[in-house]
Amino acid sequence: MFTQTAHNVQNYKIEGRWRILFLVMTALLILPVLIILTLLIVRGGPAISWEFLTAFPIKGMTAGGVFPALLGTIYLVSLALVFSVPLGIAAAIYLSEYAPDNVMTRIINLAIINLAGVPSIVHALFGLGAFVIFMEFGTSILAASLTLAIMTLPVVIVATKESLQSVPQAFREACWSMGATRWQTIRRIVLPNAVSGILTGVILEVSRTAGETAPIMFTGAAFFLPFLPESVFDQTMALSLHLFVVATQVPNVPHDLPYGVALLLVAIVLLMNALSIGFRVRLRNKKKW
Amino acid sequence: MKETNQKASGAPPVLEINDLSIAYSGKTILRNATFDVQNNEIFGIIGPSGSGKTSFLKAVNRMDQLTPGMTTTGSIHFHGYDTATWRNLYSLRKRIGVVFPLPTGLPLSVYENVAFAPRISGVRQKVELDQIVEKCLRRAALWDEVKDRLTSLGSLLSGGQQQRLTIARALSQDPDLLMLDEFSIAVDPVTTMRIEDVLKQLKSEISIILVTNLVQQAERLADRTAFFLNGEVVEVGQTEDMFNGRAKDVRTTDYVEGRFG
Amino acid sequence: MNSKHSKDLARLDRRDLSWYMDRLVQAVMFVGGISAIIFIVGIFVFISKEGFSFLFDGFSFTEFFGSINWRPTSENNKTFGALALIVGTASITGMAMLIAIPFSLGAAIYIGEFATGKTRESLKVLVELLAAIPSVVWGFIGLTIMNGVIIQLFNVPVGLNVLNAGVILGLMAAPIMTTIAEDALKAVPDKYREAAEAMGATKWQVIRQVVLPAAKNGLVSAVLLGIGRGFGETMAVLMASGHSINIPGSVFDSVRALTATIAAELGETAVGSDHYGALFTLGIFLFLITFLINLTADLVVRGIKRS
């Protein structure tokens with residue numbers, strides 16, 4: 001039977017102390033952020049109104065709304081998705097369904113890890129060198145979107161690969177044994193069962209892309225434009241850069257304006273993330289096997 | 001070793017295995033197998049696990065091409081054609097139905113599970129598909145149980161039903177050869193009996209390879225039986241002989257009488 | 001029946017449309033796969049190309065790594081000493097890791113080993129949400145909220161310094177490190193834990209003597225990736241560090257980071273000038289450093305899989 005020796009009691013006391021320490025550490029990691037979010041809501045909340053969302057900035061960006069920046073972010077994110085989603089899904093399908101276990105595959109995986117790890121400002125330099133200057137797109141929505149697309153490509157690849165690999169191998173083997181080609185198997189069985197997982201990844205990418213600032217600073221986003229962009233070769237304002245500008249570059253900004261911009265940006269990003277997480281949880285609850 | 005079960009027509013046997021060896025990443029799983037499988041027979045393969053039975057099935061429908069690290073030497077002739085020189089392996093696999101140990105209903109409706117193979121072979125007509133689906137489900141003794149819920153998910157049927165669905169699916173590709181790999185492992189005894197009856201009827205139309213861990217099942221069903229042990233084909237012979245003390249190798253007798261395995 | 005099939009087979013063994021389709025799709029997907037390689041090589045090629053003229057002309061190895069004078073716009077005495085910038089980046093990253101390493105490992109252990117059920121799921125979701133807050137928002141928080149807090153708390157004239165940027169960067173990096181570290185803990189098979197518990201070990205003994213040693217490589221790689229992120233972080237560091245060229249004597253000194261320098265100055269340089277080339281050279285340096293860190297992290301993780 002269990003004997004409660006002094007040694008044992010001592011051990012459980014030690015365990016209890018460590019447990020509390022780790023709990024406190026977890027709390028200290030999360031608490032400041034909750035405080036910050038509260039402050040953003042308290043200080044930025046009053047700034048947000050219908051006019052804030054739909055009007056142009058006026059009086060040297062010290063008043064008015066953020067409409068062109070909001071719209072610009074939507075343009076940039078949408079165009080970035082157009083490039084990165086097909087490419088990312090293709091890469092994930094290759095890695096999950098076709099790639100042999102060889103050196104080439106290892107190099108591809110390493111490249112993806114590094115693509116995610118390269119500093120955002122280096123992506124900005126690349127975008128400037130490759131798209132703005134070499135391909136002569138100029139500082140434009142197109143150049144900025146391409147830069148963002150390459151930067152967030154790993155997000156789509158990783159999420160897609162994961163959801164493809166969650167489809168049981170037995171399904172593939174059953175299809176192959178009926179004489180289905182790999183592509184027929186992917187199209188009819190693997191992809192339909194992975195599509196919600198892929199969507200989760202895409203939403204996550206939207207959230208990442210919307211918040212990026214450095215990669216678009218020199219490739220297509222402008223501090224201020226008095227008009228809306230008319231083509232992908234025009235520059236645009238963007239919400240993330242707008243926050244940087246009103247917080248650091250513009251004198252005499254009323255106190256709550258930058259808080260309002262920050263709140264709006266955080267709200268968009270967190271909403272997208274929550275959507276993606278909620279989607280994932282629902283998915284887990286209604287498996288087809 | 002040649003058994004004279006061959007039809008008078010002189011058509012080549014469905015499978016001729018010649019000096020076949022299988023290895024995974026250099027490790028040999030099956031060594032120098034030589035035998036053939038005749039038309040319209042049930043060919044049993046018995047042996048303890050790890051003796052190379054499943055790998056043999058994989059080699060027959062050329063899954064080595066889709067399995068990393070798997071290599072084969074020797075030759076397999078299917079209806080007289082060397083499968084190693086086959087240019088479109090998908091068309092080969094269409095001629096060979098496989099039933100795996102664990103029931104695998106695809107996450108499609110019952111109907112679409114069975115219509116899968118005809119569809120990828122280009123059958124588009126609804127009427128024709130309906131006919132194939134009904135015929136195959138009937139042949140797999142599943143029709144009566146699922147005819148009212150053809151649209152429900154195949155992967156959510158019971159284990160026994162899924163296994164019969166898998167057989168219906170294998171039949172839907174109209175194969176010449178049906179290979180079953182320990183089909184009864186996850187199935188209740190009643191369903192096992194029903195499937196066994198189905199196999200006996202199917203024999204008149206197609207050839208069947210029955211890999212089984214139950215020696216009695218081989219005894220009940222197989223015309224001829226092969227005994228695999230540790231990657232070696234110990235012997236191939238008439239099932240009757242093997243189970244009545246007339247096996248050529250003493251290890252076979254030991255195994256079928258349950259002294260090891 | 002048999003003769004029918006014998007004739008059939010010769011006809012069947014033909015490469016049909018779906019065979020070619022499969023090959024075509026494989027080729028297309030392969031292009032998607034190697035695009036990652038193309039991009040990573042492309043990044044290196046293009047930033048090198050822009051930095052080239054400077055690297056072969058104005059660049060001096062000893063000045064770049066040995067001088068603290070970054071005066072790219074000086075009229076008559078241009079100097080491109082990146083030492084202060086490197087020290088700035090290193091001090092902020094060091095400060096950040098001082099916070100992020102213990103806290104993220106602690107949180108990972110709590111979430112992975114102690115918390116259960118709903119608590120665990122909620123904490124994981126929270127950590128994931130924290131990781132999503134954009135860097136420019138963190139910078140803004142450093143600039144406004146943290147700045148005031150530091151001035152009041154420590155009674156210093158300026159709150160934009162190593163401490164501020166370090167804390168902000170630490171809070172940014174910690175959620176990601178927590179997630180990776182927790183994955184590493186989760187990768188330790190349960191049978192190890194059960195075996196130790198069966199011998200009467202307490203949970204903490206199991207963690208310290210079994211789980212942590214087994215997850216060591218994964219934890220190291222979590223830390224490495226955190227450091228890599230710290231080196232590469234731009235907007236938050238730009239806004240919270242004070243952005244003045246300085247070898248810091250204390251955590252209350254303002255500094256300037258490599259990334260922030262590029263972000264702040266690139267807009268004002270003429271394409272092809274020495275200054276422009278020098279900024280791209282900083283980019284090459286950053287690329288190589290983060291590449292090395294990521295490569296090491298990957299090799300370390302690969303180490304566990306092999307053993």
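Trainee: In which hand does α10(A) pass α11(A)?

Mentor: Two packed helices are described by the angle between their axes and the distance between the axes. In this predicted model, helix α10 (residues 239–248) of chain A and helix α11 (residues 256–285) of chain A have axes that come within 9 Å and cross at roughly 160°. Because of that angle, α10(A) is roughly antiparallel to α11(A). As to the hand, α10(A) passes α11(A) in a left-handed crossing.

Trainee: Which residues of α10(A) and α11(A) meet?

Mentor: From α10(A) they are A:L239, A:S240, A:H242, A:L243, A:V246 and A:A247. Their counterparts in α11(A) are A:L257, A:P258, A:V261, A:A262, A:L264 and A:L265. Sorted by class, the residues of this contact of α10(A) with α11(A) are 10 nonpolar, two polar and no charged.

Trainee: At what angle do helix α3 (residues 110–120) of chain B and helix α4 (residues 126–139) of chain B pack?

Mentor: The angle between α3(B) and α4(B) is about 115°, and their axes are 9 Å apart. The angle therefore makes α3(B) roughly perpendicular to α4(B). The crossing in which α3(B) passes α4(B) is right-handed. On the α3(B) side the contact is made by B:Y111, B:V114, B:A115 and B:P118, and on the α4(B) side by B:L129, B:I132, B:V133, B:C136 and B:L137. By class, this contact of α3(B) with α4(B) has nine nonpolar residues, no polar and no charged ones.

Trainee: Let us turn to whole chains. How many helices and strands are there in chain B?

Mentor: Chain B has 10 helices and 10 strands. Its radius of gyration is 18 Å, close to the 18 Å that the globule rule gives for 261 residues, so chain B is as compact as a globular protein of that length. The C-alpha trace of chain B spans about 55 × 40 × 40 Å along its principal axes.

Trainee: How many helices and strands does chain C have?

Mentor: In chain C there are 13 helices and two strands. The radius of gyration of chain C is 26 Å, well over the 19 Å that the globule rule gives for 307 residues, so chain C is more spread out than a compact globule. Taken along the principal axes, the C-alpha atoms of chain C fill a box of roughly 95 × 60 × 30 Å.

Trainee: How should I read the domains, and into which residue ranges is chain B divided?

Mentor: Domain 1 of chain B comprises 13–95 + 177–186 + 207–254, and domain 2 comprises 102–174. The C-alpha centres of these two domains of chain B lie 26 Å apart. Four residues of domain 1 of chain B are in contact with seven residues of domain 2 of chain B. The domain 1 side of that contact in chain B has three nonpolar, no polar and one charged residues.

Trainee: What does the domain assignment of chain A give?

Mentor: It gives domain 1 (6–47) and domain 2 (50–285) for chain A. The centres of these domains of chain A, taken over C-alpha atoms, are separated by 32 Å. Their contact brings together seven residues of domain 1 of chain A and eight residues of domain 2 of chain A. On the domain 1 side in chain A, four residues are nonpolar, two polar and one charged.

Trainee: Where do the bounds of domain 1 and domain 2 of chain C fall?

Mentor: In chain C, domain 1 covers 12–71 and domain 2 covers 83–306. Their C-alpha centres lie 27 Å apart. The contact takes 16 residues from domain 1 of chain C and 14 residues from domain 2 of chain C. On the domain 1 side, α2 and α3 (61–66) of chain C each supply at least two residues, and α2(C) gives the most, with nine residues. By class, that side of domain 1 of chain C has nine nonpolar, six polar and one charged residues.

How values were computed:
Residues are numbered from 1 along each chain as its sequence is written. Chains are lettered from A and ligands numbered from 1 in the order in which they are written. This is a predicted model: local features need pLDDT of at least 70, side-chain atom pairs count only at pLDDT 80 or more; totals for chains, interfaces and linings use all residues. Domain bounds come from an automatic or database domain assignment. Two residues are in contact if their C-beta atoms, placed from the backbone, lie within 7 Å. Ala, Val, Leu, Ile, Met, Phe, Trp, Tyr, Cys and Pro count as nonpolar, Asp, Glu, Lys and Arg as charged, and the others, Gly among them, as polar. Axes are lines fitted to C-alpha atoms, for helices over the stretch in contact, and angles run from 0 to 180 degrees between N-to-C directions. Helices (H or I, at least four residues) and strands (E, at least two) are DSSP runs, numbered from the N terminus. Angles under 35 degrees count as roughly parallel, over 145 as roughly antiparallel, 65 to 115 as roughly perpendicular and the rest as oblique. A crossing is left-handed if the near helix is turned anticlockwise from the far one by less than a right angle, and right-handed if clockwise. The radius of gyration is taken over C-alpha atoms; the globule rule is 2.2 Å times the number of residues to the power 0.38.
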